[in-house]
Amino acid sequence: MEDRGGKGRLATIFVTMFRIGCFTYGGGWSIFAQLEEEFGEKRGWLSKEEFLDIMSLARSFPGIMVINMSVMFGYKVCGVPGAMAAAFGLSAPAFIVISIVTFCYEALMRNALVARAMIGVRCSIVPIVIVAAARMKKTVLGGWVTWVLAAASFLLCLCSGLNKLVMILAAGLFGMAIWRPVKEPEQGEEP
């Protein structure tokens, strides 16, 4: 594995984020799943818990969730240079494509093949989001209290107009009140 702030790691972050930015549809959830697979499972740079923390924080801040997520991920892995490499890598493809689409907008929107292709692309997003949620379930939903909190949050999202930030802050306060911090094992101590 390269050193934490090495140029090789920065290049890997930029190129991988660029590739994810080129071929990802469906927003933050599908990108989250790809980040977890690429940088968690394949490279082991971050644990599932670290990814969930990043995703939770990224959803809590204003702005574009995927950019928030990429900046936080890059910072966690390589500091400020990693944050910049991740943000620019992820956003460059969208900037390039939207510039081209804007130039050709009228012609594209009248094209029946493009319209049909977009229907297919939209359909592929649903399973990507479901798989990302299923992967998170294993780490997040460990006991009955977490299932109750998740069910209550789901129902609030589904049935109320409650602001999502208020819901996230309330869940965070609930978590601080209910759960105790997990003691990290000391060096040489078994977890």
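Visitor: With a relative accessibility of 9%, how does Glu38 count, as buried or as exposed?

Guide: Glu38 counts as buried at 9% relative accessibility, because the buried class takes in values under 20% relative accessible area. Please keep in mind throughout that this is a predicted model.

Visitor: Which residue does Glu38 form a salt bridge with, and how far apart are the closest N and O atoms?

Guide: The partner of Glu38 is Arg43, and the closest N and O atoms of this salt bridge are 2.5 Å apart. Whereas Glu38 is buried, Arg43 is partly exposed, its relative accessible area being 30%.

Visitor: Which residues are linked with Glu38 and Arg43 in a network of salt bridges?

Guide: Arg19 and Lys42 belong to that network of salt bridges together with Glu38 and Arg43. A search over the whole structure finds five salt bridges.

Visitor: Which residue does Glu50 form a salt bridge with?

Guide: Glu50 forms a salt bridge with Lys76, and 3.5 Å separates the closest N and O atoms. Since Glu50 lies in helix 3 and Lys76 in helix 4 (residues 65-103), this pair ties together parts that are 26 residues apart in sequence. Glu50 is partly exposed, with a relative accessible area of 25%, and Lys76 also counts as partly exposed, at 36% relative accessibility.

Visitor: How many helices and how many strands does the secondary structure of the chain come to?

Guide: The chain has eight helices and zero strands, so that, read from the N terminus, its elements run α-α-α-α-α-α-α-α. Of the 191 residues in the chain, 27% are buried. Among contacts between residues at least 6 apart in sequence, 57% join residues at least 24 apart.

Visitor: By what are two packed helices described?

Guide: Two packed helices are described by the angle between their axes and by the distance between the axes. As a case in this structure, the axes of helix 3 (residues 48-60) and helix 6 (residues 112-140) come within 10 Å and cross at roughly 110°. The two helices are therefore roughly perpendicular to each other, and helix 3 passes helix 6 in a left-handed crossing. The contact is made by Lys48, Glu49, Leu52 and Met55 on the side of helix 3, and by Met136, Thr139 and Val140 on the side of helix 6. By class, the residues of this contact divide into four nonpolar, one polar and two charged.

Visitor: At what angle do the axes of helix 7 and helix 8 cross?

Guide: The axes of helix 7 (residues 144-159) and helix 8 (residues 164-178) cross at roughly 165° and come within 11 Å. That makes helix 7 roughly antiparallel to helix 8, and the crossing of these two helices is right-handed. In this contact, Val145, Leu149, Ser153, Leu156 and Cys157 of helix 7 meet Lys164, Met167, Ala171, Phe174 and Ile178 of helix 8. The contact of helix 7 with helix 8 has eight nonpolar residues, one polar and one charged.

Visitor: Where is Ala83 found, and which residues does Ala83 touch, not counting residues up to four places away in sequence?

Guide: Ala83 is found in helix 4 and is buried, with a relative accessible area of 10%. Leaving aside residues up to four places away in sequence, Ala83 touches Val71, Gly74 and Tyr75. Ala83 and Ile13 are 70 residues apart in sequence, and their C-alpha atoms are 9.2 Å apart in space.

Visitor: In which helix does Pro81 lie?

Guide: Pro81 lies in helix 4 and counts as partly exposed, at 46% relative accessibility. The C-alpha atoms of Pro81 and Lys7 are separated by 9.5 Å, although these residues are 74 residues apart along the chain.

Key
Residues are numbered from 1 along each chain as its sequence is written. This is a predicted model: local features need pLDDT of at least 70, side-chain atom pairs count only at pLDDT 80 or more; totals for chains, interfaces and linings use all residues. Side-chain values use heavy atoms; hydrogens and water are left out. Axes are lines fitted to C-alpha atoms, for helices over the stretch in contact, and angles run from 0 to 180 degrees between N-to-C directions. Angles under 35 degrees count as roughly parallel, over 145 as roughly antiparallel, 65 to 115 as roughly perpendicular and the rest as oblique. A crossing is left-handed if the near helix is turned anticlockwise from the far one by less than a right angle, and right-handed if clockwise. Contact means heavy atoms within 4.5 Å. Ala, Val, Leu, Ile, Met, Phe, Trp, Tyr, Cys and Pro count as nonpolar, Asp, Glu, Lys and Arg as charged, and the others, Gly among them, as polar. A salt bridge is a side-chain nitrogen of Lys or Arg within 4 Å of a carboxyl oxygen of Asp or Glu. Buried means under 20% relative accessible area, exposed over 50%, partly exposed in between (1.4 Å probe, protein chains only).
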